[in-house]
Amino acid sequence: MKCSTLGFALMSACASAAVLAQPSAPTLYGQLSGQIVHFDEADFIGNERDTSPSISRAVLGARGLYALADGIRLAYRLEADFAPLAEGDGSKSLYYSALNQIKDDDDDIFVRYASAAFITPYGVFAIGDARSGTYDEFYAPVDVFEVNTQDSTPSAVANGSRMWTQAKWSKDGLVYKSPVWNNLYAKFVLASVQSASDTDDDLKILDIVYRNDRFMLGAGLSVFDKEMPGVSSGETDRKRWRVASHYNWDSFRLAGVYEMNRDLGATGADFDVFGITGTYIRGKFRYALSYQDREAPTSGALVEDRAVLAQVRYTHDERLDFWAEAGSYRESDKDNLAVGLNVHF
């Protein structure tokens, strides 16, 4: 997979302008998550599942920040999830999708982060694998759940997802984030997400975000090159438009996102998705309720669906939290109940 020559030139220019200071030891961290999930019929990729304990995350990572010359800082992060290895066949992994099943993939480890970022007075330049910045800014405040989350995909549609088509994890991307001006900034992304697409930068993203301590409003566009097999109809570029906003009170948070998809997949499907989530925090307890709706696509494998999701989370301290969650799906019959815990170290 390739990123643009211009992108590498920009990264090289930042690196050559800086001289590394004495390196400091990286910060090591991890997370171990377990859960018990009961699905009424089958899970999100169509497999029948016993109601039994499973490991959903087994994360180990390292991150650090170097102070460089000329006011430049270098941030890096390397993180992997060994939960697919813990599950043996990966069938219960958050990251194991129907697309993996069709391809007969058996990857044992999911690399979540392998990235570096140059933080400069002229903006941030980043490259590598990481959690999508678009997901973090637009979708994460709505997607606060453990089981009913965007981590895995319900169908073989390219880049498909539980409700939205926005992926949670990005690969091989080159990112530029502008300096913040009056709480407003822009983000540009170039990525090659298919090595067989005959184009270097087959995904282009532009996001514009206004953010202060309590309020966020953003709009963005992702364009997938029409030459990408299976991603677009081949006639026009696939486009994903989005708008999101959230507001944080002292003990209540309200977040919403609206996504418009045009010319998705080989059939060129069009459809819209929206979701809204309210979160109430009282002491060590956090209560979340969400409504999400995907209209019927004009063609293709994805179907209309509506979901009501609820979660209660108890945070014992910064190292341990417990949660209980329920998901009710009107069309896809993926109703579920789950309990679990997260251990951070």
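Tutor: A patch is made of residues with over 30% relative accessible area and no salt bridge, where like charges are joined within 9 Å and nonpolar side chains (Val, Leu, Ile, Met, Phe, Trp, Tyr) within 5 Å. A salt bridge is a side-chain nitrogen of Lys or Arg within 4 Å of a carboxyl oxygen of Asp or Glu. This is a predicted model, in which local features need pLDDT of at least 70 and side-chain atom pairs count only at pLDDT 80 or more, while totals for chains, interfaces and linings use all residues. Residues are numbered from 1 along each chain as its sequence is written, and side-chain values use heavy atoms, with hydrogens and water left out.

Student: How many helices and strands are there in the chain?
Tutor: Helices (H or I, at least four residues) and strands (E, at least two) are DSSP runs, numbered from the N terminus. On that basis the chain has 4 helices and 16 strands.

Student: Which residues form the nonpolar patch, and what is their accessible area together?
Tutor: Accessible area comes from the Shrake-Rupley method with a 1.4 Å probe, and for residues only the protein chains shown count as cover. The patch on the surface is formed by Y247, W249, F252, L254, I276, Y280, F285, Y287 and V312, and their area together is about 760 Å².

Student: Which elements give two or more residues to the nonpolar patch?
Tutor: The elements that do so are three strands: β11 (252-264), β12 (269-282) and β13 (285-294).
W249, also in the patch, lies in the loop between β10 (238-248) and β11.

Student: Is W249 buried or exposed, or partly exposed?
Tutor: Buried means under 20% relative accessible area and exposed over 50%, with partly exposed in between (1.4 Å probe, protein chains only). Because W249 has 44% relative accessibility, W249 counts as partly exposed.

Student: How many bridges join β12 to β13?
Tutor: Two strands pair if DSSP finds at least two bridges between them. β12 runs antiparallel to β11, with 11 bridges, and Y258 stands opposite F274 in β12. The number of bridges joining β12 to β13 is 10.

Student: Which residue in the turn between β12 and β13 has a positive phi?
Tutor: In the hairpin of β11 and β12, with 4 residues between the strands, G265 has a positive phi near 75°. The hairpin of β12 and β13 has 2 residues between the strands, and the residue with a positive phi of about 60° in its turn is G283.

Student: Where is D263, and is D263 buried or exposed?
Tutor: D263 has a positive phi of about 60°, although it is not a glycine. Its place is in strand β11. Because its relative accessibility is 10%, D263 counts as buried.

Student: Is D70, another residue with a positive phi, buried or exposed?
Tutor: D70 has a phi near 60° and is a residue other than glycine. D70 lies in the loop between β2 (53-67) and β3 (73-81). Because its relative accessibility is 60%, D70 counts as exposed.

Student: With which side chains does the side chain of N148 make a polar contact?
Tutor: N148 is in the loop between α4 (133-139) and β6 (169-177), and at 2% relative accessibility N148 counts as buried. A polar contact is a pair of N or O atoms within 3.5 Å; within protein, one must be able to donate a hydrogen and the other to accept it, and residues adjacent in sequence count only if both atoms are side-chain atoms. At 2.8 Å the side chain of N148 makes one with E325, and at 2.8 Å it makes another with Y329. The side chains asked for are those of E325 and Y329.
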